[in-house]
Amino acid sequence: MIRTNNLKKIYRTEEVETTALDNVNIEIKEGEFVSIMGPSGCGKSTLMNILGMLDNPTEGEYNFLGTEVSKYSERQRASMRKNNIGFVFQSFNLIDELTIYENIELPLLYLKTSVSERKKKVGAVLERMQIMHRRNHFPQQLSGGQQQRVAVARALVSNPKIILADEPTGNLDSLHGDEVMKMLTELNEGGTTIVMVTHSPAYADYGNRIVHLFDGHIVTENMKGKFHV
């Protein structure tokens with residue numbers, strides 16, 4: 001599903017050149033749950049932005065669903081992104097002025113899905129996430145755990161091939177964090193590929209593979225029962 005080859009990302013100003021990613025090679029197969037760990041500033045978010053086609057690498061190749069996309073324009077990336085990738089963010093990124101139903105519906109509007117199909121898909125994901133009773137509420141009327149549930153529902157509504165979750169439990173207490181992780185595990189068991197950035201070793205263990213980043217490099221990878229550098 002995903003394969004990178006010597007991926008490099010360099011940020012330049014007039015005075016400073018910063019290498020955020022340096023020759024990163026990673027492969028993610030369909031149906032995997034991959035956790036990415038590392039200290040602040042190690043390149044985790046930069047890697048997620050490139051995997052999610054929110055940014056292009058400076059050098060190297062990025063193969064997504066059999067297509068080399070590293071040199072795609074913003075328009076090309078947007079088209080590929082909206083049809084294939086769901087995002088879950090630490091800060092939820094819900095729109096306060098929209099109801100829960102309208103927040104979840106938003107990706108389908110971008111895809112120009114018909115009214116009847118939108119109603120069907122939003123209804124199905126509201127039921128799946130057990131938040132149908134909250135559909136007419138606004139985000140600020142919900143707890144943090146409930147808001148993240150809405151964010152996951154929004155990521156799922158367009159039936160993406162992969163979900164990228166950037167610190168999805170970062171703003172939650174342990175009870176709601178555990179709830180979100182169980183939900184992501186259930187989605188993965190249902191066939192959804194998940195790539196998650198986390199600072200928590202306990203939550204990283206929910207994945208079937210753990211990738212450790214340090215100073216823009218992949219330094220180790222852990223698999224269930226296996227370890228290699």
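I started with what H4 packs against: its buried residues pack against helix H3 (100-110) and helix H5 (144-156). Helices here are DSSP runs of H or I with at least four residues, strands are runs of E with at least two, and both are numbered from the N terminus. I noted that this is a predicted model, where local features need pLDDT of at least 70, side-chain atom pairs count only at pLDDT 80 or more, and totals for chains, interfaces and linings use all residues. Residues are numbered from 1 along each chain as its sequence is written, and side-chain values use heavy atoms, with hydrogens and water left out.

**Entry: H4**

I looked up which residues of H4 are buried. They are Arg118, Val122, Gly123, Val125 and Leu126. Buried means under 20% relative accessible area, exposed means over 50%, and partly exposed lies in between (1.4 Å probe, protein chains only). Next I checked the length. After H4 comes Gln130, with a positive phi near 60°.

**Entry: aromatic rings**

I counted rings of Phe, Tyr and Trp (its six-membered ring) as a pair if their centres lie within 6.5 Å; planes under 30 degrees apart are stacked, over 60 edge-to-face, and the rest tilted. The count comes to three aromatic pairs. I looked at Phe87 and Phe89: their ring centres are 5.8 Å apart and their planes are at 5°, so this pair is stacked. Phe87 counts as buried because its relative accessibility is 17%. Phe89 is partly exposed, at 26%.

**Entry: Glu97**

I found Glu97 in the loop between strand E7 (85-89) and H3. Is Glu97 buried or exposed? It is exposed, because its relative accessible area is 62%. Leaving aside neighbours within four places in sequence, Glu97 is in contact with Glu102 and Phe138. Contact means heavy atoms within 4.5 Å. I also checked Thr58. Glu97 and Thr58 are 39 residues apart in sequence and 37 Å apart in space, C-alpha to C-alpha.

**Entry: E10 and its partners**

Two strands pair if DSSP finds at least two bridges between them. Strand E4 (33-37) pairs with strand E10 (209-214) in the parallel sense, over four bridges. Met37 has His212 in E10 as its bridge partner. E10 and strand E11 (217-223) run antiparallel, joined by six bridges. I noted Met223 in E11 as the bridge partner of Arg209. E10 and E11 form a hairpin with two residues between them. In its turn, Asp215 has a positive phi of about 50°.
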